[in-house]
Every structure is written in C-alpha cells, then in structure tokens.
Amino acid sequence: MKRSRHDKIIEIIARNDVETQEQLASLLKEAGYDVTQATVSRDIRQMKLSKQVTEDGKQKYVYSTADSEAMQDKYVSMLKAGYVSMEVAQNLLVIKTVSGMAMALATAIDALDIPEVIGCIAGDDTIFVAIRSYEEAQVVRDRFSEMLQ
C-alpha cells in the first residue's frame, strides 16, 4: 500500500504544483487514499521530497532521483535563493530567510548532513539550527558563509 501511495505522490506532484502537505493529502484523498497529514508528512520525509521555487515565486514539492553531489548543489542554490542573514546565539545558528522560505531551507540544511548540526526548527522566515556547542556553531556559520558566496 505504501509503495502504491508513494507512486501516486510522484504522479500527483508531477502533474500539479503542490505547495503544502494539506494540499497533497487532499489530492491523495481524491485519488482514493485514506491518509492523514501525519502520514503525508512521513511520506515526504521518506521520499526525500524537496521544495522548488516556481517561476511565480511560489514553492512546490518535487521528487528527484539525482545523485548526491547534484542534490548538494541544489540545496546550496536553495540556501542562496532564500537567505537573508545569520547570527550565532550560543549553540544556535539563527538564519533569517525570505518570507515563506524557512521550512524549505531548513529541509535543505538537514539534507546537507553537516555533522555538527543536530537539527532545525523553522518558522515563516527564521530557522533555528541546533548545534552541539558555541564553537561548532561558529564553524557551521563560517561553512554556510562560504557556501553562500
């Protein structure tokens, strides 16, 4: 059942500009799948769906089978597109983004698999990147600064 649902998700996002988990859940229900938002959220993580900025500035889910180096480049491009500023606050790296981009950029940061990064919490335009120590937060800040140039 899960494989069938994942195949349907790929089909849905290929045919539609799906911007939210709720929209994806609704389209899956229309297709006959009994899903909850939690199920859709889990599917998105398992399938490693990411968001891409559309020509009109909105975001949509995309599925990629690209190799990891190509995906790394894509994540860095996403960071460059949505980045506004960043600041170290103890063991947190606080990143300001373009409004509405924080969740997508937090997903990209998580996908970069930076060893010092424990995880991210995103709002609308702010990401808190949890890092083990103040010193490591400075290292990660410097690494992001290099990526963003």
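**View A. The open sheet of four strands.** In this predicted model, 4 strands form an open, antiparallel sheet in the order E3-E4-E6-E5, where strands are DSSP runs of E with at least two residues, helices are runs of H or I with at least four residues, both numbered from the N terminus, and two strands pair if DSSP finds at least two bridges between them. Strand E3 (83–89) and strand E5 (117–122) are the edge strands, each pairing on one side only. From one strand to the next the twist averages 20 degrees. Residues are numbered from 1 along each chain as its sequence is written, and local features need pLDDT of at least 70, side-chain atom pairs 80 or more, while totals for chains, interfaces and linings use all residues. Side-chain values use heavy atoms, with hydrogens and water left out.

**View B. The pairing of E5 with E6.** Strand E6 (residues 126–131) and E5 pair in the antiparallel sense over 5 bridges, and Val117 stands opposite Ile131 in E6.

**View C. Helices H1 and H3.** The axes of helix H1 (residues 2–15) and helix H3 (residues 37–47) come within 11 Å and cross at roughly 80 degrees, the axes being lines fitted to C-alpha atoms over the stretch in contact, with angles from 0 to 180 degrees between N-to-C directions. H1 is therefore roughly perpendicular to H3, a term for angles of 65 to 115 degrees.

**View D. A charge over a ring.** The charged end of Lys51 sits over the ring of Tyr61, 5.0 Å from its centre; this requires NZ of Lys or CZ of Arg within 6 Å of the ring centre and within 35 degrees of the ring normal.

Conventions:
Parallel < 35°, antiparallel > 145°, perpendicular 65-115°, else oblique.
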